[in-house]
Amino acid sequence: MRRVVRQSKFRHVFGQAVKNDQCYDDIRVSRVTWDSSFCAVNPRFVAIIIEASGGGAFLVLPLHKTGRIDKSYPTVCGHTGPVLDIDWCPHNDQVIASGSEDCTVMVWQIPENGLTLSLTEPVVILEGHSKRVGIVAWHPTARNVLLSAGCDNAIIIWNVGTGEALINLDDMHSDMIYNVSWNRNGSLICTASKDKKVRVIDPRKQEIIAEKEKAHEGARPMRAIFLADGNVFTTGFSRMSERQLALWNPKNMQEPIALHEMDTSNGVLLPFYDPDTSIIYLCGKGDSSIRYFEITDESPYVHYLNTFSSKEPQRGMGYMSKRGLDVNRCEIARFFKLHERKCEPIIMTVPRKSDLFQDDLYPDTAGPEAALEAEEWFEGKNADPILISLKYGYIPGKNRDLKVVKKNILDNKPTANKKCDLISAPKKTADTTGVQNEAKLDEILKEIKSIKDTICNQDERISKLEQQMAKIAA
């Protein structure tokens, strides 16, 4: 009987590594034994967690800054322990969050044209975990809402705009959390944990909506992510240590919709999902390949498409959002593969003869505009992402600076019993406010001075160049 080949426009997707001069070279990629992707990318920057003596650091490079990266290139280095995870804000391409072994989450504002000096002062430090923070994930549709998960088995959801922890889910996981994923509109999260359970949680009601024990029987780490239709996709290991992938319906987690065995490699499979095309890319840590699958409504639901193979194993992987792709080349995905000493972009393309915009490959995609403010989401509102068309390519707009409005912590402190304490308390508040204002003023004056110095230097440089031009012209 002739086997009928399933029709799919993604059947011929092929991957291609860029030429050497378009890679980022001489980067000391972090050696921390943690199963995160070590890399985060957006249409402006690529951020890579690196080895750093005496603390934790990561590089932030403008996308065009390819070639050899100087050892003295400025880093983001405010953590006192190794950085374990980083995530770019989906609503502001200059804001990035980092979680570290020092138990803190820090949120950073990167200058528009990249770093010229090392960045040591975050916009806000979020303290609430008692053990190292291995996961940070921004809310997909609400501005300034950030989730963090630590080895204290707690998930905290922060309002970054005020620097406060507003939701603390500290009693839902009995063991280490391997990963957390938001659904499309950010109303639910799903988690994979060391206790072999996959949980679907409503964070605002603080209740578990669905869970599956032993989603994968093996003892090695699992991953679980939400798909656009609300189903959950998981990767894990069987009892015989074979790598598996599975598809679940949260309304009935008894049996998976689909379960596939893959191979017996021991690298954790990191899933990257494109909601526009329903393609899942699986990148195994330590593998030298990227496998990709299409998710559909018809059996067997998870359809294998192809594998991109290379020689070098990957230490980590960054995944570019749709806004950063080249639509004129029919590029549907771009990965940033970390080697031991470099970062290599890999471009996935659908071969098409026409030069026209292929609207079947590029349906409207999630844009950078937030659909909700943090307060609206915490009050119970939901909203789908605000979509944009990529027909004429994505033109980045002006990002507004991240401002943190700190409530005065001293106002909330319980009043002490002693009279002298009561008398001195207001004075203390006034003192600290005065000190803070003075420090802020000093900071602004320093910045003005440095900008003036830069302008003077540039003026001198311009006049020298003009003199040189005059000589050449003469």
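Visitor: Which residues does Val-133 touch, not counting residues up to four places away in sequence?
Guide: This is a predicted model, so local features need pLDDT of at least 70, side-chain atom pairs count only at pLDDT 80 or more, and totals for chains, interfaces and linings use all residues. Residues are numbered from 1 along each chain as its sequence is written, and side-chain values use heavy atoms, with hydrogens and water left out. With contact taken as heavy atoms within 4.5 Å, Val-133 touches Leu-84, Gly-99, Ser-100, Cys-103, Thr-104, Val-105, Ser-148, Ala-149 and Gly-150, leaving out residues up to four places away in sequence.

Visitor: Is Val-133 buried or exposed?
Guide: Val-133 is found in strand E12 (residues 133-138); helices (H or I, at least four residues) and strands (E, at least two) are DSSP runs, numbered from the N terminus. Relative accessible area under 20% is called buried, over 50% exposed, and in between partly exposed (1.4 Å probe, protein chains only). Val-133 has a relative accessible area of 0%, so it is buried.

Visitor: What separates the C-alpha atoms of Val-133 and Cys-39?
Guide: These two are 94 residues apart along the chain.

Visitor: How many disulfides does the count come to?
Guide: A disulfide here is a pair of cysteine sulfur atoms within 2.5 Å. The closest cysteine sulfur to that of Cys-23 is in Cys-343, and at 7.7 Å it is too far for a bond. Cys-103 is in no disulfide either, as its nearest cysteine sulfur, that of Cys-151, is 9.0 Å away. The number of disulfides by this rule is zero.

Visitor: Which residues have the most contacts inside the largest nonpolar core?
Guide: A nonpolar core is a set of buried Ala, Val, Leu, Ile, Met, Phe, Trp, Tyr and Cys residues joined through side-chain atoms within 4.5 Å. The largest one has 40 residues. Those with the most contacts inside it are Ile-27, Val-46, Ile-48, Phe-58, Val-60, Ile-110 and Phe-336.

Visitor: Which element gives the largest share of this core?
Guide: Elements that give two or more residues to the core include strand E3 (39-41), strand E4 (45-50), strand E5 (56-62) and strand E29 (331-338). The largest share is six residues, and it comes from E4.

Visitor: What is Phe-58 in contact with, leaving aside its neighbours within four places in sequence?
Guide: Phe-58 is one of the residues with the most contacts inside the largest core. Its contacts beyond those neighbours are Ala-47, Ile-48, Ile-49, Ile-50, Thr-75, Val-76, Val-83, Ile-86, Ile-96, Ser-98 and Trp-108.

Visitor: How many residues are in the second, separate core?
Guide: Among its members are Phe-308, Val-327, Met-348 and Leu-361. The second core has 26 residues.

Visitor: What is Asp-274 in contact with, leaving aside its neighbours within four places in sequence?
Guide: Asp-274 is found in strand E24 (residues 269-274). With a relative accessible area of 2%, Asp-274 is buried. Its contacts beyond those neighbours are Ile-279, Tyr-319, Lys-322 and Ile-332.

Visitor: What is omega for the cis peptide bond that joins Ser-299 and Pro-300?
Guide: Pro-300 is in the loop between strand E26 (289-295) and strand E27 (302-309). For the cis bond from Ser-299 to Pro-300, omega is about 5°.

Visitor: What is the positive phi of Tyr-301?
Guide: Tyr-301 also has its place in the loop between E26 and E27. At 27% relative accessibility, Tyr-301 counts as partly exposed. Although Tyr-301 is not a glycine, its phi is positive, at about 70°.

Visitor: Where does Asn-153 lie?
Guide: Asn-153 is a residue other than glycine with a positive phi, near 60°. At 16% relative accessibility, Asn-153 counts as buried. Its place is the loop between strand E13 (145-150) and strand E14 (155-159).
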